[in-house]
Amino acid sequence: MSTVLEAKHINKYFKKPVLFHVLKDINFKINKGEFTSIMGKSGCGKSTLLYILSTMDTDYEGELYLNNELVTNNTRDQLSYIRNKHIGFVFQFHYLLSEFSVLENVMLPAKKLGEKSFEEIEHDAMQKLSILHIDHLAKKRASRISGGEKQRVAIARALINNPSIIMGDEPTGNLDSHNSDNVFNIFKQLSDEQGLSLLIVTHDEDFAKRTNRIITMEDGKIIS
Ligand SMILES: Nc1ncnc2c1ncn2[C@@H]1O[C@H](COP(=O)(O)OP(=O)(O)OP(=O)(O)O)[C@@H](O)[C@H]1O
């Protein structure tokens, strides 16, 4: 089984207002196709950890590997490239550009990567929308679709560069149970059928119970 992400001895301190040891020797691996959730009480360090794992925060001790390559100590530009190419993000709020069409929103990360022609990117974006059963919305403005649809567009956008892993911070936190179920089923299908790895921070116990593995955090440590 190949490893997509590995955290080795991650420690993080906040220095202000007083020195605070927020993450305490975090170690774990995520394998290809694994659907993992991270749970824990508010303030235990979940978002801080996700921020490090997603390469956005570089101020930590320890080592982070993506696809068996050490990414710690890379430059900001290298990290920005690695992030865009290998990691897809889904947040509680979708952060779509409301004046852009659904299709344009999904195409954006691929345009930023700059490795394919406009036509190829458009074709890929339509394919992602079709996997999520929202290809009929392609030409609609992002401001004119429902909350559940917006979250599916955000997932399509996260998939556009064919990442190795999708990371989510409360991706169903803003959805009703029906739409939340939809998002779970989409994630499950992506991990089962396409071997995509998922790492999802959630407060939703029902959601977490249905994932392959729950990482439980308490007071900056992984306790199970
Ligand atoms: N920039 C910062 N400076 C100092 N302390 C911080 C900073 N950001 C977060 N913290 C503290 O670090 C701890 C962990 O915060 P974090 O946001 O990672 O928790 P969380 O588990 O994601 O919580 P929630 O479930 O409420 O989102 C909290 O005690 C928080 O107050």
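The shell around the ligand divides into 4 nonpolar, 6 polar and 1 charged residues. Here Ala, Val, Leu, Ile, Met, Phe, Trp, Tyr, Cys and Pro count as nonpolar, Asp, Glu, Lys and Arg as charged, and the others, Gly among them, as polar. The model is predicted: local features need pLDDT of at least 70, side-chain atom pairs count only at pLDDT 80 or more, and totals for chains, interfaces and linings use all residues. Residues are numbered from 1 along each chain as its sequence is written.

The ligand is surrounded by Phe14, Phe20, Val22, Gly40, Ser42, Gly43, Cys44, Gly45, Lys46, Ser47 and Thr48. Strand E2 (20–31) and helix H1 (46–53) are the elements that give two or more residues to this shell. H1 supplies the largest share, 3 residues. Helices (H or I, at least four residues) and strands (E, at least two) are DSSP runs, numbered from the N terminus.

Strand E6 (residues 87–91) is largely enclosed by the rest of the structure, because 4 of its 5 residues are buried. Buried means that 20 or more other C-beta atoms, placed from the backbone, lie within 10 Å of the residue's own. E6 pairs with strand E7 (residues 165–169) in the parallel sense over 5 bridges. Pairing requires at least two DSSP bridges between the strands. Ile87 has Ile165 of E7 as its bridge partner.

In helix H6 (residues 177–194), the buried residues are Ser180, Asn182, Val183, Phe184, Phe187, Leu190 and Ser191. Just after H6, Gly195 takes a positive phi of about 65°.

Notes
A residue is buried if 20 or more other C-beta atoms lie within 10 Å of its own, exposed if 12 or fewer, and partly exposed in between; C-beta atoms are placed from the backbone. A residue is near a molecule or strand if its C-beta atom, placed from the backbone, lies within 6 Å of it. The expected span of a helix is 1.5 Å times one less than its number of residues.
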